[in-house]
Amino acid sequence: MSRPTEHNPPAAVPELVLEAGRADQHYWRDLWRYRELLGYLAWRDIKVRYQQTVLGVAWALVQPVVTMVIFTFVFGRLANMPSGGTPYPLIVMSGQLGWQLFANALSNSSGSLVGNGHLISKVYFPRLVVPLSTLAVALIDFAIVFVLFVAMAAWFGVSPNWRWLVLPVPTVWALLTALGAGLWLAALTVRFRDFRFVVPFLLQVGIFLTPVGYRVDFFPNWRDLLSLNPMSGVIDVFRWCLLDSAAELYWRGIFLSCGITLLLLISGIWYFRRTERTFADNI
């Protein structure tokens with residue numbers, strides 16, 4: 001190894017400058033720098049989701065299939081809800097696509113900080129990486145259920161059309177809605193562990209307050225009220241994309257639902273960033 005000489009000076013040692021508030025100034029840049037960590041956490045969650053299970057990915061089908069059967073019987077048979085000429089199982093399954101994506105993303109993101117407490121308490125990284133990484137599992141489950149919907153649509157004679165190309169729009173919308181609410185709940189769960197029990201209850205109630213098992217276009221007097229639930233607009237767009245007999249989009253309700261999603265997302269990021277510094281202490 002050569003020694004430093006006059007013609008071979010020692011290599012410059014990089015300086016590490018620690019400044020108060022520097023992490024806040026470069027937070028979003030750091031979020032991009034830690035994208036590999038985001039990918040690693042997402043891949044880890046996917047493997048844990050399906051590893052050492054007997055049925056494997058079939059677990060992603062159990063819940064929507066059982067829900068479809070129950071809702072078809074309750075709303076389609078007992079309540080005799082109108083279907084507009086569409087087979088009722090397709091109405092429920094198209095609603096299930098949006099709802100399950102939202103519910104899985106919300107459930108995973110709300111408990112993500114507590115589940116990764118060992119990592120948060122040891123090293124620095126933008127904590128937003130953790131809830132973002134959980135969205136990958138919800139997308140995998142969504143893809144599996146979508147394959148089931150395609151098979152059901154073929155069985156009932158419903159063929160794809162150009163509207164299917166718009167599916168990324170409600171998909172991203174559902175994820176943003178789940179992320180906005182999930183950031184609130186993830187931050188609150190760190191401080192108040194009771195929220196681990198609140199989230200499943202909210203999802204159990206929410207599926208009935210969301211038009212998963214029925215079409216809202218047959219209840220015009222309730223559309224504005226139901227649009228306060230952003231998932232109502234998401235499911236309307238899903239059905240418009242997937243079902244030929246779906247009603248035209250109710251734009252006032254769409255804009256109202258979009259506004260609620262935007263409010264959830266902005267306020268969720270604000271509250272998450274405001275409480276982020278205390279996560280390592282409280283977790």
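The axes of helices α4 and α5 (residues 88–110) approach within 9 Å and cross at roughly 135°. In this predicted model, α4 and α5 are therefore oblique to each other, and their crossing is right-handed.

**Contacts between α4 and α5**

On the α4 side, the residues that meet α5 are A60, Q63, P64, T67, M68, F71, T72, F75 and G76. Their counterparts in α5 are Y88, P89, V92, M93, Q96 and Q100.

One of these α5 residues, P89, has a relative accessibility of 19% and therefore counts as buried, the cut-off being under 20%. Leaving aside residues up to four places away in sequence, P89 touches M68, T72, M152 and F156. Of these, M68 and T72 are also among the α4 residues that meet α5. The C-alpha atom of P89 lies 9.6 Å from that of A153, although the two residues are 64 residues apart along the chain.

**Helix α3 and its two sides**

Helix α3 comprises 16 residues (residues 35–50), which should span 22 Å at 1.5 Å a residue; the C-alpha atoms at its ends are 23 Å apart, so the two values agree. Its buried residues are L41, A42, D45, I46 and Y50. Viewed down the axis of α3, these buried residues fall within an arc of 150° and so line one face of the helix. An α-helix has 3.6 residues a turn, so residues three or four places apart point the same way. Exposed residues, namely E36, Y40, W43 and V48, are found on the other side of α3.

The cover over the buried residues of α3 includes α4 (59–78), α7 (117–120), α8 (129–133) and α9 (135–155).

**Packing of α3 against α9**

The axes of α3 and α9 come within 8 Å and cross at roughly 50°. That angle makes α3 oblique to α9. From α3, the residues A42, D45, I46, R49 and Y50 take part in this meeting; A42, D45, I46 and Y50 are also among the buried residues of α3.

| Helix pair | Axes come within | Crossing angle |
|---|---|---|
| α4 and α5 | 9 Å | roughly 135° |
| α3 and α9 | 8 Å | roughly 50° |

Key:
Residues are numbered from 1 along each chain as its sequence is written. This is a predicted model: local features need pLDDT of at least 70, side-chain atom pairs count only at pLDDT 80 or more; totals for chains, interfaces and linings use all residues. Side-chain values use heavy atoms; hydrogens and water are left out. Helices (H or I, at least four residues) and strands (E, at least two) are DSSP runs, numbered from the N terminus. The expected span of a helix is 1.5 Å times one less than its number of residues. Buried means under 20% relative accessible area, exposed over 50%, partly exposed in between (1.4 Å probe, protein chains only). The arc is that of the directions from the helix axis to the C-beta atoms. Contact means heavy atoms within 4.5 Å. Axes are lines fitted to C-alpha atoms, for helices over the stretch in contact, and angles run from 0 to 180 degrees between N-to-C directions. Angles under 35 degrees count as roughly parallel, over 145 as roughly antiparallel, 65 to 115 as roughly perpendicular and the rest as oblique. A crossing is left-handed if the near helix is turned anticlockwise from the far one by less than a right angle, and right-handed if clockwise.
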